[in-house]
Amino acid sequence: MSPLVAPSILSADFSDLKKEIASVEKAGADWIHIDVMDGMFVPNITIGPVIIKSIRKHTSKPFDVHLMIEKPERYIENFVEAGANLISVHPEVCIHLHRVLKEIHNNGIKAGVALNPHTPLSNIKYILDEIDLILIMTVNPGFGGQKFIHSMVNKIKDTKKLIKESGKDIYLEVDGGISIDTGELAVKAGANVLVSGNSIFTSSDRERIISYLKSL
Ligand code: DX5
Ligand code: ZN
């Protein structure tokens, strides 16, 4: 099956988000990836529930919300109310990960876990029952437009193996530096959701990039 493509609006023109989202939707986006950063877990600060709520009414595409914030448990309800369809949290800043995943599920949406490049898969091995999506960071989180870390290809392969052995239906998403050059590596290794920000939003032909990624 062809991979899903989730453009990251981090690289969009924030002064015209409505138009930017309509543009990638028209170009074939499956999900909209929304990067929430708090200036603590990562050096950058981006957007919060208020903005998500305001763009929610302009698209029916699922919102894939990637929380790069400390103690994400404080804000799960806010992001669900704002319109998230899936929330991913980082175990590096979440002491009671299993509890938070349960809380996301109790709110009626899907739950993901995002792993920094150095974070081992063993962090999630025993709690796969509560996980709908594993997000492998292929850059260090914080900024769009960074270079894909090639040693993550083996981690994607290991993640695919873990999912297969579990017999569960879990998405394998990759995030960071995904482009025409790197998308194939990620898909061949087992990724089935491709986040891509800079490559899509800086292109004059967004449809070409998205359809290429979907063809992999
Ligand atoms: C990085 C973010 C990514 C990023 C991807 O911290 O989680 O979603 O925006 O953007 P590109 O494709 O530009 O690396
Ligand atoms: Zn992201």
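**Reading charges, burial and contacts**

Modeller: Lys-161 and Glu-165 sit in helix H5, four residues apart, about one turn of the helix. Helices (H or I, at least four residues) and strands (E, at least two) are DSSP runs, numbered from the N terminus. This is a predicted model, in which local features need pLDDT of at least 70 and side-chain atom pairs pLDDT 80 or more, while totals for chains, interfaces and linings use all residues. Residues are numbered from 1 along each chain as its sequence is written, chains are lettered from A and ligands numbered from 1 in the order written, and side-chain values use heavy atoms, without hydrogens and water.

Colleague: Thanks! What do the side chains of Lys-161 and Glu-165 form?

Modeller: Side chains of opposite charge can pair when their charged atoms come close. A salt bridge here is a side-chain nitrogen of Lys or Arg within 4 Å of a carboxyl oxygen of Asp or Glu. Lys-161 and Glu-165 form one at 3.7 Å, N to O, and the structure holds six salt bridges. Another of them joins Lys-168 to Asp-129 at 2.7 Å. Lys-168 is in the loop between H5 and strand E7, and Asp-129 in the loop between strands E5 and E6, so this pair ties together parts 39 residues apart in sequence.

Colleague: Is Asp-129 buried or exposed?

Modeller: Buried means under 20% relative accessible area, exposed over 50%, and partly exposed in between (1.4 Å probe, protein chains only). Asp-129 has 63%, so it is exposed, whereas Lys-168, at 34%, is partly exposed.

Colleague: And which side chain of opposite charge is nearest to Arg-56?

Modeller: For charge, Lys and Arg count as positive and Asp and Glu as negative; His and the chain ends are not counted. The nearest to Arg-56 is Glu-25, 7.6 Å away, and Arg-56 is buried without a salt bridge. Polar contacts are the next thing to check: pairs of N or O atoms within 3.5 Å; within protein, one must be able to donate a hydrogen and the other to accept it, and residues adjacent in sequence count only if both atoms are side-chain atoms. The side chain of Arg-56 makes one with the side chain of Asn-85 at 2.9 Å, and a polar atom of the Arg-56 side chain lies 3.0 Å from the backbone oxygen of Gly-83.

Colleague: Which polar backbone atoms lie by an oxygen atom of ligand 1?

Modeller: One belongs to Gly-145, at 2.7 Å, and another to Gly-197, at 2.8 Å.
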